[in-house]
Amino acid sequence: MPEDLGAAERARLAEADAGVAWRRWGPYLAERAWGTVREDYSASGDAWSSFPHDHARSRTYRWNEDGMAGICDEDQFLCLSLALWNGVDPIMKERMFGLNGPEGNHGEDAKDYWFFLDSTPTHSWMRWRYLYPQAPFPYIDLVAENRRRSRLDPEYELLDTGVFDRGWWEVTVDVAKADPEDLCVRVRARNMGPSPATLHIVPTLWLRNTWSWGRDQRRATLTGDQDGSLIELRGQSLLGDRVLGAAGSPRLLLCENESNTGRLWGAAGSPAFPKDGIHDHIVHGSPTVNPALVGTKAACWYQEEVAAGGTSEVRLRLAPSTASALDVGAGWERVMAAREAEADDWHRHLVARLPGGLDPDASAILRQAAAGMLWSKQFFHLDVIEWLDGDPASPPPPPGRGSIRNGAWRHLSNADVVSMPDTWEYPWYASWDLAFQCIALAHLDPGFAKDQLVMLCREWFMHPNGQLPAYEWDFGDVNPPVLAYAALRVWWIDGGRDHEFLERILHKLTINVTWWVNREDPTGTNVFEGGFLGLDNIAPFDRSKLPPGTWLGQADGTGWMAFYALTLLGLSLSLAAFDPTYEDIATKFYEHFTYIAVAMDERGLWDDGDGFFYDVLHRPDGSAEPVRVRSMVGLIPLFAVAVLEPDFLDRLPGFRSRMEWFERHRPAYQKVCAHGAAKGHMDRRLLSIVSPARLVRILSRVLDEEEFLSPHGIRALSRRYALQPYTVALGDATARVGYEPGESQTGLFGGNSNWRGPVWFPVNHLVIGTLERFHSFLGPSFTVEYPTGSGTRANLGQVAQDLARRLTSIFREGPDGRRPVHGGATRFDEDPGWHDLIPFHEYFHGDTGAGLGASHQTGWTGLIVDLLLRPPGGDGSAEEEGEQP
């Protein structure tokens with residue numbers, strides 16, 4: 001790879017890691033703040049109805065702002081985003097529209113079409129696109145029709161309404177940084193309709209309201225000049241002066257970022273120029289903007305008439321000085337051209353690290369996936385004490401709110417830029433999502449990825465008892481313990497040199513693993529619970545809500561803990577190679593892994609007749625019954641596998657001595673690695689819950705196209721339940737689970753995600769890594785039938801490579817020119833302007849690969865970045881497990 005490839009952006013990343021503020025400004029503005037838990041001050045805890053979409057344009061947010069193509073500083077003092085109006089809609093488009101949880105027939109669901117097309121890691125260059133109908137946006141139709149449909153029906157999408165048949169605007173926003181504090185912005189609107197049309201382009205600059213709550217009286221002011229070229233920010237001591245320059249002569253409109261209490265609640269006391277003042281002035285002609293051109297929210301109002309097929313351009317510049325902000329001519333053009341060229345160079349740098357490179361289609365997929373990961377960083381703000389107790393200048397919240405949710409998390413105080421699972425459907429962090437997101441981010445910005453993992457373990461996130469926060473709907477829920485795995489992968493992708501990062505993570509995770517052992521092993525037998533554990537509706541019943549006296553020995557919970565112990569062992573051994581004091585900690589996790597692995601046998605989680613792992617339901621009368629559902633629950637124990645190389649062990653005499661003592665004196669536990677000392681393996685050790693013989697039995701199910709193996713990856717539930725659903729008695733009821741390859745057909749966990757048959761990237765990613773680790777030990781001569789029943793055999797490395805190919809095929813053009821992710825939507829399949837816009841959904845149809853669930857969850861589906869950039873032969877796991885298990 002040429003040394004200068006991507007040099008400009010790599011230099012900016014190095015400067016950012018050294019403290020230069022290249023990351024200070026970015027796409028940190030949420031795409032939805034309404035309907036979130038943090039804005040819910042109701043007595044019932046109904047976040048959706050407490051702050052609905054209809055309130056968003058008129059009501060001040062307490063915690064964080066939202067917008068379209070939004071950028072802000074890392075503390076979100078100042079926000080800049082795009083608003084649009086086609087001249088016929090009942091409201092101006094200031095934020096993306098979607099259905100709330102109760103409105104959607106499969107839960108909350110964004111209904112607009114927008115795409116993240118490009119971004120460099122420092123956000124020195126970003127590109128975003130939105131497709132805006134020219135005909136009236138069918139708000140009422142979308143709500144009514146989706147409410148009418150049942151969970152058995154498909155979702156009613158914006159394309160289904162036919163609104164795009166009458167033309168649309170293709171709106172593209174580009175952002176380029178001249179320096180860390182100087183941002184050039186371009187908005188281009190292309191008329192994709194049959195006739196000339198007018199579009200109102202309304203870039204909006206505003207201050208997050210920090211002054212109305214009685215906690216911080218500082219209040220800056222935005223001021224517009226009379227000729228329409230400048231909006232100035234003065235008096236914001238924490239941010240400094242800022243000036244927004246606008247090309248042309250837009251009309252400047254200013255109001256206050258304060259609630260319109262009259263419209264919202266029929267109450268007196270609204271400011272003369274409230275938050276929705278700009279909206280009401282443009283849409284209704286109301287006198288609701290300040291003629292003195294002063295306020296805390298300001299907009300540049302462009303009314304652009306564009307010929308059919310033509311394009312209008314708006315130029316902006318947000319800078320610390322007036323001189324810089326006024327340069328929206330030749331200097332602005334040079335910055336835009338240079339940063340776009342450097343972004344191209346940066347992307348070539350990513351691809352050039354692969355010996356064979358990538359074909360153009362795969363390269364385009366990689367670029368959009370990387371953009372989605374980088375655009376999904378958002379400022380997340382919540383102080384639970386202040387949220388529960390209320391603010392001095394606000395009415396006291398209803399009593400008892402802490403008993404609804406998060407009352408035990410009063411320590412949590414977040415005001416951080418965090419990688420989000422989805423920018424609209426899930427505008428809040430989730431701990432196990434974040435772990436996988438960091439693996440993808442490590443290929444792009446390893447410094448940011450490491451900071452995210454450390455941040456989640458800091459005192460303002462982690463509970464004093466050691467639990468990691470799950471997500472804002474219930475911080476006390478339990479997510480799978482995957483942070484140690486993510487830390488190892490991020491460390492390895494970054495070159496395996498940052499031992500300080502490993503130390504910081506390990507010290508915190510030793511507290512977290514203690515919480516797990518004390519909380520989720522109720523019998524002290526190394527069989528773990530955990531409830532839903534991120535797999536939502538995968539079981540016949542809600543595993544978090546069992547009848548009194550009933551408890552569940554979970555194959556996945558116990559498998560996750562074995563996996564956790566091995567990854568903590570890997571962290572410890574990686575550090576022990578440089579500091580022998582970590583050998584003691586490594587010994588602890590080695591022995592703990594063996595206890596858990598043996599418990600899975602002794603406590604009935606392994607069913608030798610079926611050759612599969614199952615949960616075991618323990619009833620009040622003392623009886624126990626396996627829940628014989630072949631699902632991802634039974635595959636998670638496979639993930640706990642590591643290889644110990646003899647030359648590495650030779651450098652750790654203390655650890656090796658204790659391990660050999662343990663093998664001699666605890667022979668009952670030695671069987672979990674006895675297959676690792678087989679003849680011909682030169683004393684290499686394979687630490688694994690399953691032996692090679694059991695692995696073959698499990699894989700016969702996993703690689704069967706009539707069970708788990710789909711054309712696009714591993715299904716979360718066996719297809720065998722399509723015609724024969726599984727049932728089990730639970731209390732006075734009968735619980736049932738069947739194969740549902742598409743959207744969920746039940747309301748369990750809100751009904752907006754489905755683990756009963758679709759393909760999910762995070763667990764598929766772990767399956768692939770598991771096969772690669774087994775392959776690194778067992779070698780090319782160890783083969784399995786692939787697919788089951790085909791008569792064709794493949795080694796585990798070949799199987800892993802083909803699974804990666806199947807996952808990648810979701811986004812790639814097939815022989816018919818269609819991309820499976822688009823789900824057969826004609827517009828995406830046939831319109832050249834839509835065909836290469838790729839959404840990265842939450843999960844995918846178990847038979848067709850169509851994208852389902854949250855449509856912008858580049859989050860953990862961003863693992864496609866890792867799959868595309870992995871070197872031939874794997875992701876480095878084999879090497880990790882040799883020296884860093």
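Begin by selecting Arg263 and Asp54, whose side chains meet in a salt bridge with N and O 2.9 Å apart; the term salt bridge is used here for a side-chain nitrogen of Lys or Arg within 4 Å of a carboxyl oxygen of Asp or Glu. The model is a predicted one, in which local features need pLDDT of at least 70 and side-chain atom pairs count only at pLDDT 80 or more, while totals for chains, interfaces and linings use all residues. Residues are numbered from 1 along each chain as its sequence is written, and side-chain values use heavy atoms, with hydrogens and water left out.

Next, select Arg818 and Asp816, which form a salt bridge with N and O 4.0 Å apart. Here Arg818 is partly exposed at 35%, whereas Asp816 counts as exposed at 54% relative accessibility. Then move to Asp831, which is buried with a relative accessible area of 17% and forms a salt bridge with Arg827, the closest N and O atoms being 3.5 Å apart. For a network of salt bridges, select Arg127, Asp174, Arg186, Arg188 and Glu340 together. By the rule given above, the count for the model comes to 76 salt bridges.

Now turn to Asp89, in the loop between strand E3 (78-85) and strand E4 (98-99). Asp89 is buried yet has no salt bridge, and the nearest side chain of opposite charge, Lys93, is 5.7 Å away; for charge, Lys and Arg count as positive and Asp and Glu as negative, while His and the chain ends are not counted. Show the residues that Asp89 touches, leaving out those up to four places away in sequence: Tyr132, Ala135, Pro136, Phe137, Tyr139 and Val283. Contact means heavy atoms within 4.5 Å.

The last stop is helix H13 (residues 446-456), whose axis comes within 9 Å of that of helix H15 (residues 499-520) and crosses it at roughly 20°. Axes are lines fitted to C-alpha atoms, for helices over the stretch in contact, and angles run from 0 to 180 degrees between N-to-C directions. H13 and H15 are therefore roughly parallel to each other; angles under 35 degrees count as roughly parallel, over 145 as roughly antiparallel, 65 to 115 as roughly perpendicular and the rest as oblique. To see the contact, select Lys450, Leu453 and Val454 of H13 with Phe501, Arg504 and Ile505 of H15.

Within H13, centre the view on Lys450, which counts as buried at 11% relative accessibility. Beyond its neighbours within four places in sequence, Lys450 is in contact with Val490, Asp494, Asp498 and Phe501.

Note on methods
Buried < 20%, exposed > 50% of the residue type's maximum accessible area, 1.4 Å probe, protein only. Helix = DSSP H or I, 4+ residues; strand = E, 2+ residues; numbered from the N terminus.
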